[in-house]
Amino acid sequence: MTNEERILTDEMIAEIKAFFPRYPSLQAVTLPALHVVNKRLRHVPLQAVVEIAKLLELSPAQVQDTLTFYGFFKQDEPHGRVRAWVCRSMSCHLRGADELLEHMCEKAGVEPGGTTTDGALTLEFGECLGACEFAPCVLANETLHKCVTKEQADEFVESLE
Amino acid sequence: MAEFQPVLLANIDKDDSHTLRAYESFGGYAGLKRVFGEMSANDVKELVKGSGLRGRGGAGFPTGLKWTFLPKDYQGPIYFCCNADESEPGTFNNRILMEEDPHQVIEGLIISCFATASTTAYFYMRYEYPLAWKRMQAAIDECYEAGYLGKDILGSGYSLDLYLHRGAAAYICGEETGLIESLEGKRAWPRIKPPFPAVEGAFRKPTVVNNVETAACVKQIVDRGSDWFRSIGVQPDPDNPRDPGSFGPKLYCLSGHVEKPGCYEAPLGLTVNELIENYGGGVWKGRKAKAAIPGGISMGVLTADEFDCPLDFAGPGKYGCLGLGTGAVVVVDETVPMVDFLHNSCQFFEHESCGQCTPCREGTSWALKMVNRIKAGKGRLKDLDLLLEIADNIGIIPGTTICGLADGAAWPMKNAIRKFRDEFEEYLKRTNPNGYMETDPVPILEIIGAH
């Protein structure tokens, strides 16, 4: 395979291999490897699965099996530059999470799970984000937005490029 | 009894509490040094066993006893997993420890690993905690730098590696054998037990899985002694020889319809009323409470008349709930229809069932479909009995599933429908006046048919 066809960069491969000494089996590096790829590509295409499997001396089916178990990894297309989870579990639900998600979807012009046409935002519901004292909360990439009002949600959506 | 002073949360509001420098200035790692200087692994095991510490992750299994299930004088590797996959709705106590006092957790872990002769520990953290991830990683790096982790820790001859492992947003990874499968790179399908992880766990080797708060408690027990720990909480029930008591402080999470949601430390045995009134500032907006979850949504639900329920390991069970769980109390005010409560609960478990066992996969999914239909104004009285039939037949307790996720799905269904049956019936009659008495199969199901 030529470099042009390859999806995993040398940098990604080095990062994945750095996990090898941590575990007694190569298969245990599956999740770390998927995270390495997902962090950069915002999805894990099937070709990347094949290449990860080769690195970990597994069948691609084994990696694919694990990947599909976690709804977390998208495969067909990248998620937005910001991936936001609006928590919908009980504590947030009791403090208006459903209305918040609906409001944000309307503001961003997407259905739950959808990505804006400019690729700036993927808006999804999330199950309990473990920030129940700040309900309703939204986790956008690495940033936790606490006690989010509709006005703050508007500002957040408008701030995205 | 003098007013209880927080121990686990004593330092979280201090400047830079997450750094090694601050932690050492509070006396951190002195306990570890004393362990290496004065104690054998067995001494630590006995100390923790004697303290009566029970796991804080939800099941409440005695920690010291769990450690003694490891094979004696085992020559191969023993793995230690710290369960930081906290995902139970309403629960965030581990997040606060990891974000604000990660070294307290790490010190407890090093001591626990030393006691169990583990030399490799995996810290399995849920994906949704980016700040906790950064703080834990920084704390681990500081520990390697300072010689608290790595080879020959503090010249003791004992070596330990601690690795962070990141989950991918799946609730089931908090079940200890689901966690192990996930760690191994597979789908997080819980294993049939026995064998228990202490005999055959991660990578088919003996393994201990302990919760984050449990590790922090171990550190406090080493510092303050098992008598101190046993002086807090609830003594064993003299009428129940199998009750090991509920000792020590607990981190209670309070959220939902209260004025001041938050994580509060109190002796085990605090009542729901005390938590809401003394810590949470009462029910919000001057309203009345209708119900509360006693310890994470899996534990079921208490009516407002049951708020004298003590939050110790035996308390919620006396009120028809599953148990103490994670000690996460979620308060529901009088304006919330219980149908909405039940719907949210069913929605969660339908989404998080791992799909391995048919009763859970199908049961949670059909329960949600039925509650959806009820919410859409097409519910029948018979649906309540069908929902109860599902709830009574999925889980470890009826013996139909491998893990307890289905019991957790079932309990809010059973409690909500049995404790609030009048409200459900009134809702059905009001929203489906012409059809609530119907008992024939729902037509669409006949059209689709089976097979």
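## The cavity in chain B

The largest cavity is lined by B:Pro190, B:Ser353, B:Cys354, B:Gly355, B:Gln356, B:Cys357, B:Cys360, B:Thr401, B:Ile402, B:Cys403, B:Leu405 and B:Ala406. A cavity is a set of points, on a 1 Å grid over the protein atoms alone, where a 1.4 Å probe fits but cannot get out, and a lining residue has an atom within 4 Å of a point. The structure is a predicted model, in which local features need pLDDT of at least 70, side-chain atom pairs count only at pLDDT 80 or more, and totals for chains, interfaces and linings use all residues; side-chain values use heavy atoms, without hydrogens and water. Residues are numbered from 1 along each chain as its sequence is written, while chains are lettered from A and ligands numbered from 1 in the order in which they are written.

The structure holds 1 cavity of 30 Å³ or more. The volume of the largest cavity is about 80 Å³; a volume is the space filled by probe spheres set on the points, and grid points are joined across faces, edges and corners. Its lining has 8 nonpolar, 4 polar and no charged residues. Here Ala, Val, Leu, Ile, Met, Phe, Trp, Tyr, Cys and Pro count as nonpolar, Asp, Glu, Lys and Arg as charged, and the others, Gly among them, as polar.

## The parallel sheet

Helices (H or I, at least four residues) and strands (E, at least two) are DSSP runs, numbered from the N terminus. Chain B has an open sheet of 4 strands in the order 3-2-1-4, with parallel pairing; two strands pair if DSSP finds at least two bridges between them. Strand 3 (161-166) and strand 4 (207-211) of chain B are the edge strands, each pairing on one side only.

Strand 2 (residues 120-125) of chain B is joined to strand 3 of chain B by 6 bridges, in the parallel sense. B:Thr120 stands opposite B:Asp161 in strand 3 of chain B. Across strand 2 and strand 3 of chain B lies helix 7 (residues 130-146) of chain B, at about 165° to strand 3 of chain B. Axes are lines fitted to C-alpha atoms, for helices over the stretch in contact, and angles run from 0 to 180 degrees between N-to-C directions. Contact means heavy atoms within 4.5 Å.

## The mixed sheet

Another open sheet in chain B has 5 strands in the order 8-7-11-9-10, with mixed pairing. Strand 8 (262-267) and strand 10 (302-303) of chain B each have a single partner strand, so one side of each is left without a neighbour in the sheet.

Strand 7 (residues 249-256) and strand 11 (residues 328-333) of chain B run parallel and are joined by 4 bridges. In strand 11 of chain B, B:Val329 is the bridge partner of B:Leu254. Helix 5 of chain B lies across strand 7 and strand 8 of chain B, at about 110° to strand 7 of chain B.

## Two helix pairs

In chain B, the axes of helix 5 (residues 93-100) and helix 9 (residues 212-224) come within 9 Å and cross at roughly 60°. That angle makes helix 5 of chain B oblique to helix 9 of chain B. Angles under 35 degrees count as roughly parallel, over 145 as roughly antiparallel, 65 to 115 as roughly perpendicular and the rest as oblique.

Helix 13 (residues 358-378) and helix 16 (residues 421-431) of chain B pack at about 50°, with their axes 9 Å apart. In this contact B:Ile374, B:Lys375 and B:Gly377 of helix 13 meet B:Tyr427, B:Leu428 and B:Thr431 of helix 16.

Methods:
1 Å grid on protein atoms, 1.4 Å probe; cavity = no way out; pocket = protein on both sides within 12 Å on 5 of 7 lines; lining within 4 Å.
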